[in-house]
Amino acid sequence: MRRESDVPPREPSTTVQTGPDPVDTRLGARLAELRAEQGWSLGDLADRSGVSRSTLSRAERAEISPTAALLNRLCAVYGHTMSQLLSEVESAPAQVVRAPEQTVWRDDASGFVRRSVSPPLPGLRAEVVEGRLEPYADIAYDRPPVPGLEQHIWVLDGRLALTVQGVRHTLTTGDCLRFRVWGPTHFHCPGPEAVRYALVAVRP
């Protein structure tokens with residue numbers, strides 16, 4: 001289990017699965033489209049993201065399920081939020097987002113579950129996400145998907161240790177932390193139970 005101590009940067013891990021998930025297949029195709037729109041080779045994207053060419057190629061072909069950390073790096077390169085990227089592989093979002101229709105995405109490698117409660121919608125700047133971290137799980141983002149992105153983290157159940165700009169904040173049920181993201185952030189569930197929180201993100 002990783003702790004709060006400084007750890008040298010490393011390429012995000014990926015979850016290998018036996019068969020391509022439909023969402024991963026559409027996500028891989030969208031990642032390939034974004035790269036093509038920029039006119040970049042896999043080498044160009046590897047240089048910009050710090051992710052190896054082989055990992056990028058396998059993600060685009062849906063041979064691996066990308067982790068949250070990997071998607072965060074790619075979102076930072078393409079100037080997307082993660083919700084925006086995931087919404088692009090789903091049908092156009094409706095004004096009313098029914099609970100059964102909310103996209104749920106899992107990062108099994110880090111014990112993270114992400115529900116897109118209010119996905120991006122043209123003309124609106126905010127989005128709402130429900131996050132869940134299993135006990136003692138960690139998830140680290142080495143950069144913001146969009147510099148200056150405004151975030152509000154409201155803990156719904158459990159405890160969350162959140163490090164922003166080198167300062168660690170321990171939040172319990174009902175607490176809310178608000179900030180703009182300019183650098184790395186680190187989410188940790190100190191246990192003994194899972195933590196569930198709402199994240200409101202507002203684009204600059």
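## Strand β7 and its neighbours

Strand β7 and strand β12 (residues 195-202) run antiparallel and are joined by 7 bridges; two strands count as paired when DSSP finds at least two bridges between them. Within this pairing, Val155 sits opposite Tyr197 of β12. This is a predicted model, in which local features need pLDDT of at least 70, side-chain atom pairs count only at pLDDT 80 or more, and totals for chains, interfaces and linings use all residues. Residues are numbered from 1 along each chain as its sequence is written, and side-chain values use heavy atoms, leaving out hydrogens and water.

Strand β7 (residues 149-157) also pairs with β10 (residues 176-181), again in the antiparallel sense, over 6 bridges. Here Trp154 has Cys176 as its bridge partner in β10.

## The chain as a whole

The protein chain holds 5 helices and 12 strands. These are DSSP runs numbered from the N terminus: H or I of at least four residues for helices, E of at least two for strands. Of its 204 residues, 46% are buried, meaning under 20% relative accessible area with a 1.4 Å probe, protein chains only.

## Inside the core

The largest nonpolar core has 43 residues, and Phe187 and Ile153 are among those with the most contacts inside it. Such a core is a set of buried Ala, Val, Leu, Ile, Met, Phe, Trp, Tyr and Cys residues joined through side-chain atoms within 4.5 Å.

What does Phe187 touch, leaving aside residues up to four places away in sequence? Its contacts (heavy atoms within 4.5 Å) include Leu133, Ile153, Leu160, Leu162 and Tyr197.

Methods
Buried means under 20% relative accessible area, exposed over 50%, partly exposed in between (1.4 Å probe, protein chains only).
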